[in-house]
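User: Could you walk me through reading this structure? I would like the general idea each time, and then the case at hand.

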Amino acid sequence: MYNPVDGFSKELREKREAAGQTQKGLAAKMGMSHRTIMDTELCRSSPKFETVALLARELDISLDALVFPDRVSPNGIPLCVYDYFKNKTEAQAQKYIALCQQADTLKGDKERRLLKAAAFCLPSYAAIFSLRPPRSARFPCDRRR
């Protein structure tokens, strides 16, 4: 049976070494004993959750991937995304990605149009959005011409 603490221990050592840190150096930086790091890496103890959370944050270790390995693919991509693309060709994947990028662009265009409409309807808010309303949208009492 898979034990997330063992997975954390292995990931801790790999990430620490990849960052070029020693056990003592990491412990000093985190304000803990180097024995805590050593015992955790060697699976000699079950660390407190607070310790696990601090180390995971410092070394960018995904606890989700360790606790729910069946929901996250090995490379950290959500399993639903991995499952969707795993049987696609490179061309099909690129086509889908292009569609998503176009959707993001349209969303951005829609947001810009809404900001311009707000600036048109409410000239006093135009300065907030750094947009200048057209001359026809200014109120009659607006003497700045």
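User: Which residues is threonine 40 in contact with, leaving aside its neighbours within four places in sequence?

Analyst: Contact means heavy atoms within 4.5 Å. Leaving aside neighbours within four places in sequence, threonine 40 touches Phe8, Ser9, Leu12, Ser45 and Pro47. Keep in mind that this is a predicted model, where local features need pLDDT of at least 70 and side-chain atom pairs count only at pLDDT 80 or more, while totals for chains, interfaces and linings use all residues. Residues are numbered from 1 along each chain as its sequence is written, and side-chain values use heavy atoms, with hydrogens and water left out.

User: Where is threonine 40 found, and is threonine 40 buried or exposed?

Analyst: Helices are DSSP runs (H or I, at least four residues), numbered from the N terminus. Threonine 40 sits in helix 3. Buried means under 20% relative accessible area, exposed over 50%, and partly exposed in between (1.4 Å probe, protein chains only). Threonine 40 has a relative accessible area of 1%, so it is buried.

User: Which residues have the most contacts inside the largest nonpolar core?

Analyst: A nonpolar core is a set of buried Ala, Val, Leu, Ile, Met, Phe, Trp, Tyr and Cys residues joined through side-chain atoms within 4.5 Å. The largest one here has 13 residues, and those with the most contacts inside it are Phe8, Leu12, Leu26, Met32, Ile37, Leu55 and Ile61. At least two residues of this core come from each of helix 1 (4–18), helix 2 (23–30) and helix 4 (49–59). Helix 4 gives the largest share, 4 residues. Take leucine 55: apart from neighbours within four places in sequence, leucine 55 is in contact with Phe8, Leu12, Leu26, Met30, Met32 and Ile37.

User: How do I read a pair of helices, and at what angle do the axes of helix 2 and helix 3 cross?

Analyst: Two packed helices are described by the angle between their axes and the distance between the axes. Axes are lines fitted to C-alpha atoms, for helices over the stretch in contact, and angles run from 0 to 180 degrees between N-to-C directions. The axes of helix 2 and helix 3 (residues 34–41) come within 8 Å and cross at roughly 120°. Helix 2 is therefore oblique to helix 3; angles under 35 degrees count as roughly parallel, over 145 as roughly antiparallel, 65 to 115 as roughly perpendicular and the rest as oblique. On the helix 2 side, Gln23, Lys24, Leu26 and Ala27 meet His34, Ile37, Met38 and Glu41 of helix 3.

User: And how do helix 2 and helix 4 cross?

Analyst: Their axes come within 11 Å, crossing at roughly 110°, which means helix 2 is roughly perpendicular to helix 4. Leu26, Lys29 and Met30 of helix 2 make this contact with Leu54, Leu55, Glu58 and Leu59 of helix 4.

User: What is phi of cysteine 43?

Analyst: Most residues other than glycine have a negative phi, and most peptide bonds are trans. Cysteine 43 has a positive phi, near 60°. Cysteine 43 lies in the loop between helix 3 and helix 4 and, with a relative accessible area of 39%, is partly exposed. Aspartate 60 also has a positive phi, about 55°, although it is not a glycine. Aspartate 60 belongs to the loop between helix 4 and helix 5, and its 62% relative accessibility makes aspartate 60 exposed.
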